[in-house]
Amino acid sequence: MAVIPVQLAGRSYEVLVDHGLLDDAANVGAAFLRKETVPIVADTNAKAHHGKRLEAALATAGHKATWFEVASGEASKSWQGLQELTDWLLAQGVERGDQVFALGGGVVGDLTGFACAILKRGCGFVQIPTTLLAQVDSSVGGKTAINTNAGKNLIGAFHQPALVLIDPATLDTLPDREMRAGYAEVIKYGILADREFFDWLAENGKKVVARDPGALVHAISTSVAAKARIVAEDERETSGARALLNLGHTFGHALEAETGFSDRLLHGEGVALGMVLAARYSARRGLISVEDAALVASAIEASGLPSEISQLGLYCDGSKLADHMLHDKKMDAGTLPFILLRGIGAAYLAKDVALDDVASFLDEQLQ
Ligand SMILES: O=C(O)C(=O)C[C@@H](O)[C@H](O)[C@H](O)COP(=O)(O)O
C-alpha cells in the first residue's frame, strides 16, 4: 500500500492507495469511525457499483451505513444540493467530531466537503474517490465548493479531509470517457513540474487509461505525491505555488462555462484543451518552442482527449470566452494571472497577460 502524507500541521492526513482497499475501509479507517452508523454521501453510480462493498467492509467492524444519494453531474454542486445535504446531515445528528464519508467523484467530494466545512462550523469527512479525476486531484488538498450561475466553484471553503482512501479497482467500472478525463489531471502534473513523469506517461499513458494495475498505482501515487507537496507548501493558494495546479483551468473553466457545464465537455476534457491552449499561448509569447507546444498537444491527443476547441462546435468569439475568465478566482486587482510554460515540466504564474491578447489568440484557435 502507498501511504502519502499531506503535511499541514494540525490538519495533516494520509492518502492511502491500494488495490482492494475499499474492502478494508473499516480497518484502515477505524480511527475515524466513532459511532455505529456511518453517514455516507454517494453519487448514484458510485453507490450502485461500490456501495455493497463499502457496507460489507463496515459490517466487519460492526458498523452500518446510512446513505444520501446525489445525482451524477456538476448540477448537483448547487445551493439546492447543498441545502438538501446539510438538512440530511443535521437530521442524522452528525456532530463536529464525526466523519462523513464521501464515495464518488469530484462532485460528491466537493459538495460533501463544503457541507462538512459549514455544518456546525465544521465536522470531519473522509474521501473515498471512485473516479480517476477525484483520485489524483479533487479528493486531495481540501478545496471544496459548489457552482453558481456566475461560474464554477465560486462558493466554497478550504476544508481538509481526515483521510483519503484510494482503491484503483473502483475504476474498473468507470466509463472510458471519464477515465480519459481523469487522465488529463494526471498528465497535468508532468506538464507543470515533472518532465520525467511526462516522458513516463508518453510511454505508459495508454496502460494507465487501460487500467493496467501497476501503471495505474504508479500514476496515481506520483500525482497525489506531487499534489501533496504543493498543497503543503501553499494550502490556501496565497504564495502562487498552488495556483500552478490550475494549469489549463483558466481556459478550461471558460470552455466549461460556454458549454453550460454539461456533458458536452467534461471537466477533465476542458482541462486537457486548456493545457493545449496554455502551451500554444506560451509558444506564441516565445516562452516555449512550437515543437514543445505540439508535444503537449500530441500527448493529450494520444490518450483520446480533445486537443482542438474547434472540435466543440462553439459559436462564439474569443472575447466571449475571455469574459468568462473574469470570474476566475485567481483574478487579482483587475489582472488575471495565467499559468504558462517555460518548458515542459516548468510552469509559472504569468502576471503580465492582457485579456484582449488572450481573446485574439482564442479567435485564431476557434477558426
Ligand atoms: O487543488 C487545486 O488547487 C487545484 O487547482 C486543482 C484543480 O485541478 C481543481 O480542478 C480545482 O478544483 C480547481 O480549483 P479552482 O480554484 O479553480 O476552483
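Glu 185 lies in helix α6, where helices are DSSP runs of H or I with at least four residues, strands are runs of E with at least two, and both are numbered from the N terminus. The model is predicted, so local features need pLDDT of at least 70 and side-chain atom pairs count only at pLDDT 80 or more, while totals for chains, interfaces and linings use all residues. Residues are numbered from 1 along each chain as its sequence is written.

UniProt, in an unreviewed entry, lists Glu 185, His 249 and His 267 under "binding site"; such annotations may be inferred rather than shown by experiment. These residues span 83 residues in sequence, yet no two of their C-alpha atoms are more than 10.3 Å apart, so they gather at one spot. His 267 lies in helix α10 (residues 267-284).

The table gives the surroundings of two of these residues. A residue is buried if 20 or more other C-beta atoms lie within 10 Å of its own, exposed if 12 or fewer, and partly exposed in between, with C-beta atoms placed from the backbone. Two residues are in contact if their C-beta atoms, placed from the backbone, lie within 7 Å.

| Residue | State | Other C-beta atoms within 10 Å |
|---|---|---|
| Glu 185 | buried | 26 C-beta atoms |
| His 267 | buried | 24 C-beta atoms |

Leaving aside residues up to four places away in sequence, Glu 185 touches Leu 133, Val 136, Asp 137, Gly 268 and Val 271. On the same terms, the contacts of His 267 are Gly 106, Leu 133, Ala 181 and Glu 256.

The chain is assigned domain 1 (2-173) and domain 2 (178-366), with bounds from an automatic or database domain assignment. Their centres, taken over C-alpha atoms, are separated by 26 Å. In the interface, 29 residues of domain 1 are in contact with 29 residues of domain 2. Helix α5 gives the most to the side of domain 1 that touches domain 2, with five residues.

The largest nonpolar core has 115 residues, and Val 15, Met 275, Ala 278 and Val 296 have the most contacts inside it. Such a core is a set of buried Ala, Val, Leu, Ile, Met, Phe, Trp, Tyr and Cys residues joined through C-beta atoms within 7 Å. Helix α6 (residues 176-193) gives this core its largest share, ten residues. Domain 1 (2-173) and domain 2 (178-366) both contribute residues, so the core lies between them.
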